[in-house]
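Hello,

Here is the structure I promised to pass on. Please open it next to this email, and my notes follow below.

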Amino acid sequence: AVVSTQSTGDALERVAFKFLESIEMDSEIRSGVVTTCQNFHESVRLLSEKFYKELSRHNYVTPTSYLELIGSFKNLIKRKQDEIMKNKTRYEVGLEKLKFASEQVGAMQIELQALQPQLVVTAAENEKMMLHIEKESVEVEKMSKVVRADEEVASAKAAEAT
């Protein structure tokens with residue numbers, strides 16, 4: 001019994017749609033995948049006939065071959081969808097971290113602006129304190145010289161007295 005290629009094509013189409021229904025994709029893409037799977041299967045069948053005619057060697061193209069083709073596609077699409085979801089999640093996490101960092105920088109800028117007048121006052125106080133310390137250092141140095149001179153005089157008198 002010879003089966004028409006139209007009914008075989010319809011059967012391949014129904015099988016592919018059934019096996020691919022668990023995969024999430026647009027119906028237009030699904031139709032394209034089904035057509036591609038049918039074309040692959042039919043091309044292999046025709047090439048196998050040519051192979052037999054030219055070399056008298058059999059290459060069997062069975063319904064199981066078709067199901068394995070669809071299964072391979074399902075596995076590939078699942079892996080790629082998982083990979084895309086993983087990358088999407090990483091991207092979203094990265095965006096959240098950037099948003100958080102941006103908010104933190106904004107808060108720090110506001111805090112810095114609020115502290116700016118206080119920083120100006122503190123800098124002025126430090127300047128005054130440095131001038132006072134310099135002035136006292138000069139006075140301490142003068143007193144040190146006087147004390148050293150007095151010490152030398154006292155040491156000389158002590159040496160004379162002994």
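What radius of gyration does the chain have, against that of a compact globule of 162 residues? The chain comes to 46 Å, whereas a compact globule of that length would be near 15 Å. Please keep in mind that this is a predicted model.

**Overall build**

The C-alpha trace spans about 145 × 45 × 20 Å along its principal axes. The chain holds three helices and zero strands. Along the sequence the pattern reads α-α-α. Helix α1 covers residues 5–20, α2 covers 27–55, and α3 runs over residues 63–161.

Of the 162 residues, 9% count as buried. The accessible surface of the chain is about 13,700 Å². Carbon and sulfur atoms account for 60% of that surface. Now take the contacts between residues at least 6 apart in sequence: 57% of them join residues at least 24 apart.

Ala 161 shows how far α3 reaches. This residue lies in helix α3. Ala 161 is exposed, at a relative accessible area of 69%.

**The core**

Which residues make up the largest nonpolar core? There are 10 of them: Leu 12, Ala 16, Leu 20, Ile 23, Met 25, Val 33, Val 34, Cys 37, Tyr 66 and Ile 70. Helices α1, α2 and α3 each supply at least two residues of this core.

Neighbours within four places in sequence aside, Ile 70 is in contact with Val 15, Ala 16, Phe 19, Leu 20 and Cys 37.

Gln 38 sits in helix α2. Is this residue buried or exposed? Gln 38 is buried, because its relative accessible area is 15% and the cut-off for buried is under 20%. Its contacts beyond four places in sequence are Gly 9, Leu 12, Glu 13 and Tyr 66.

Val 15, Phe 19 and Leu 67 make a nonpolar surface patch of about 210 Å². Phe 19 lies in helix α1. With a relative accessible area of 37%, Phe 19 is partly exposed.

**Salt bridges**

Side chains of opposite charge can pair when their charged atoms come close. How many salt bridges does the structure hold? The count is seven. Here are some of them.

- Lys 18 pairs with Glu 21, with the closest N and O atoms 3.0 Å apart. Lys 18 is exposed, at 52% relative accessible area.
- Lys 78 pairs with Asp 82, and here the closest N and O atoms are 3.1 Å apart. Both residues lie in helix α3, four residues apart, or about one turn of the helix. Lys 78 is partly exposed at 45%, and Asp 82 is partly exposed at 41%.
- Lys 80 and Glu 83 meet at 3.8 Å, N to O. These two are three residues apart in helix α3, so about one helical turn separates them. Lys 80 counts as partly exposed at 42% relative accessibility, and Glu 83 counts as partly exposed at 41%.

Salt bridges with shared partners also join Glu 42, Arg 45 and Glu 49 into one network.

One backbone angle to check: which residue other than glycine has a positive phi near 55°? That is Ser 56. Most residues other than glycine have a negative phi. Ser 56 is placed in the loop between α2 and α3. At 56% relative accessibility, Ser 56 counts as exposed.

**Where to look**

Move on to Gln 38, which is buried. Then turn to the patch of Val 15, Phe 19 and Leu 67. Finish with Ser 56 in the loop between α2 and α3.

Best wishes

Notes. Residues are numbered from 1 along each chain as its sequence is written. This is a predicted model: local features need pLDDT of at least 70, side-chain atom pairs count only at pLDDT 80 or more; totals for chains, interfaces and linings use all residues. Side-chain values use heavy atoms; hydrogens and water are left out. Patches are made of residues with over 30% relative accessible area and no salt bridge: like charges are joined within 9 Å, nonpolar side chains (Val, Leu, Ile, Met, Phe, Trp, Tyr) within 5 Å. Accessible areas come from the Shrake-Rupley method with a 1.4 Å probe; for residues, only the protein chains shown count as cover. A salt bridge is a side-chain nitrogen of Lys or Arg within 4 Å of a carboxyl oxygen of Asp or Glu. Buried means under 20% relative accessible area, exposed over 50%, partly exposed in between (1.4 Å probe, protein chains only). A nonpolar core is a set of buried Ala, Val, Leu, Ile, Met, Phe, Trp, Tyr and Cys residues joined through side-chain atoms within 4.5 Å. Contact means heavy atoms within 4.5 Å. The radius of gyration is taken over C-alpha atoms; the globule rule is 2.2 Å times the number of residues to the power 0.38.
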